Amino acid sequence: MQMAVNQIMKKYFGFTEFKPGQQEVVDSILSKRDTVAILPTGGGKSLCYQLPALMLPGVTLVISPLIALMKDQVESLDMQGISASYINSSLTAAQVRERLFQASREKYRLLYVAPERLQSEQFDNMMRELPLSFVAIDEAHCVSQWGHDFRPSFLGIGSWVSSLQQRPLLAAFTATATIRVREDIINGLGLQRPQVYINSFDRPNLLFSVEKTGDRSRFIKQYLQTHPGQAGIIYAATRKEVDSLHQELSAQGLSVSKYHAGLSNIDRNTAQEDFIYDRVQAIVATNAFGLGIDKSNARFVIHHNMPRHLEAYYQEAGRAGRDGEPADCILLYQPADIQVQKYLIEQSVLSPVRQEMEYAKLQCMIDYCHTSTCLRAYILDYFGETPITDNCATCSNCVEYELRDMTVEAQKVLSCVYRMRQQYGISLVAAVLGGSRQKRVLQLGFDRLSTYGIMSNWKSQQIVEFINLLVAEGYLSSSAGKYPVVMLTPAATPILRGKEKLMIRITPAPTTDTDNDVFEALRTLRYTIAQQEQVPPYVIFADNTLREMASYLPRDQEALLQITGVGEIKLKKYGQQFIEVIRQYITDDD
Ligand code: ADP
């Protein structure tokens, strides 16, 4: 049996090894046990039901709430030589009829549907005729009212399944791990004595960092410029911020699209496709973007603002590096984000108890931005997992850093705030320190203060950044409201008195990752093929597959088949073209 599983995995999916946890889940399903699989985003849930679907008799029904994902998955399966289809509201009635007809002739091994479809009589009748052996439920946490994505239609799945003459095997998949949600999945979907698998939430290939930068758009611009050829997502908090950041980046000649709920369907689709098909480098989006986006080669996710809680952050950041290759998850933190999130909680219609919970979650998010301990360990701990180490060596708190003594600079700022009677905002404090001649400074007589102009050798933006940092580190506090005022905190006193030093961690600038020529040539070929076939490039081959090709340089079909992600079907379809590109790069003395 195991040999057959491995052979099929290699033949259709091109993988020789399971990702952690996959094998247990596949084995459980193949041994005909109802199964719950809790794997993190990018953990490879799809394979866990697609592989058994090829080995079990009859049709596998995949119930998913994500319409965008269905098309993507079906396209990928098609490329791998597996017949699959989907039925959802994006199709015309005639298309639905045609697909139902094909399904009734057992043309598909996998059929994807949204849960609402089970209520359709036409669909229900057809399913009752089919040998349905296995039902996989993706995003199964949608059945739980305690989760963040509750969908009432999921509650109908269990009764529909039990109304079938022969009960199919059930497997539920999710990335949400809380005990409450897990219980709801088992009960709400009517699973029978299921085996439950929970895999670690650690994603070692994700490189977490928090940047306390004053000028976020400049940071993003530089990041995009120093990471050419790498695609990713930039999340901003509001539609307005998405619009202005998008405009600013486009004006700098950067290739970006934008996505938020205020745009038309057409505009959103175009933006999404441009991103998926690698036609733009990045997509600037609100959190409306991403659910069901399966682009495996997103190399970075940058958060322009701090999200409300770590659940949201980890879900969004987790869209980077689904292919297992290194990817950056950067959170650009500014203290003002806290005020925005507090305001949103205040304005929400949540009950007082839920509001308290939200404040507590927000505090954990704020602490993530401030902690000087390992960010990865912090996240895992938050999700109830005991981290193996408290030094991951890759997050921004663990990579090598230089400690710089900034006590004198901090004293300058703190005493300036004091002398301005702790009644003004960051920009005016910065203006005074920088020796600005602006009207307000002169009107208020701040040019007569002893701290006036004592940081005139700094750029004004640098002063603003440094004051922000003092707020972030807790030496200054920033009041709530539209015009926040900075004030000294008790932590400022020992610094001002010279009793404590302020050591700031300066991390080395991120290295630019330029891929080698072969990789670029393979990427170009992949792009050309993807355009011809009208599928996203990563559906042809994932980034890590191309990278493996670039480092092993397989010269013939046999060698190419050894590469992860190259199965027999894709080898036949595209192998020769990739081999030719590789051969062009192998010189005589190789
Ligand atoms: P999830 O749905 O859990 O977020 P996916 O099913 O989208 O994750 O898989 C994430 C990525 O991992 C995809 O690019 C997929 O092709 C890849 N993948 C899945 N299983 C394996 C495996 N055994 N070996 C290598 N890559 C895999």
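## Cysteines

In this predicted model, the sulfur of C398 lies 3.6 Å from the closest cysteine sulfur, that of C395. A disulfide requires the two sulfur atoms to be within 2.5 Å, so the distance between C398 and C395 is too far for a bond. C398 is buried, at a relative accessible area of 16%.

The structure as a whole contains zero disulfides. C364 is likewise in no disulfide, and its nearest cysteine sulfur, in C369, is 11 Å away. With a relative accessibility of 24%, C364 counts as partly exposed.

## Nonpolar cores

In soluble globular proteins, nonpolar side chains tend to be buried together. Here the largest nonpolar core is made up of 138 residues. Those with the most contacts inside this core are L61, L111, F123, F208, Y368, M549 and F578. Helix α21, spanning residues 517-533, supplies the largest share of the core, with seven residues.

L111 can be followed through its contacts beyond the neighbours within four places in sequence. These contacts include the run V59, T60, L61 and V62, and also S85, Y86 and I87. A103, F123, M126 and M127 are in contact with L111 too. Two of these partners, L61 and F123, are also listed with L111 among the residues with the most contacts inside the largest core.

## Cavities

Two cavities of 30 Å³ or more are present in the structure.

What kinds of residue line the largest cavity? By class, six are charged, three are polar and two are nonpolar. The elements that each contribute two or more residues to this lining are α21 and α23, the latter covering residues 543-552.

## Helix α23

Helix α23 has D543, N544, T545, L546, M549 and A550 as buried residues.

Which elements cover the buried residues of α23? The cover includes β12 (298-303), α21, α24 (557-561) and α25 (568-585). Just after α23, L553 adopts a positive phi of about 45 degrees.

Note on methods: Residues numbered from 1 in each chain as written. Predicted model: local features only at pLDDT ≥ 70, side-chain atom pairs only at ≥ 80, totals over all residues. Heavy atoms only, no water. Core = buried A, V, L, I, M, F, W, Y, C linked by side-chain atoms within 4.5 Å. Buried < 20%, exposed > 50% of the residue type's maximum accessible area, 1.4 Å probe, protein only. Helix = DSSP H or I, 4+ residues; strand = E, 2+ residues; numbered from the N terminus. Contact = heavy atoms within 4.5 Å. 1 Å grid on protein atoms, 1.4 Å probe; cavity = no way out; pocket = protein on both sides within 12 Å on 5 of 7 lines; lining within 4 Å. Points joined across faces, edges and corners; volume = space filled by probe spheres on them. Nonpolar A, V, L, I, M, F, W, Y, C, P; charged D, E, K, R; others polar.
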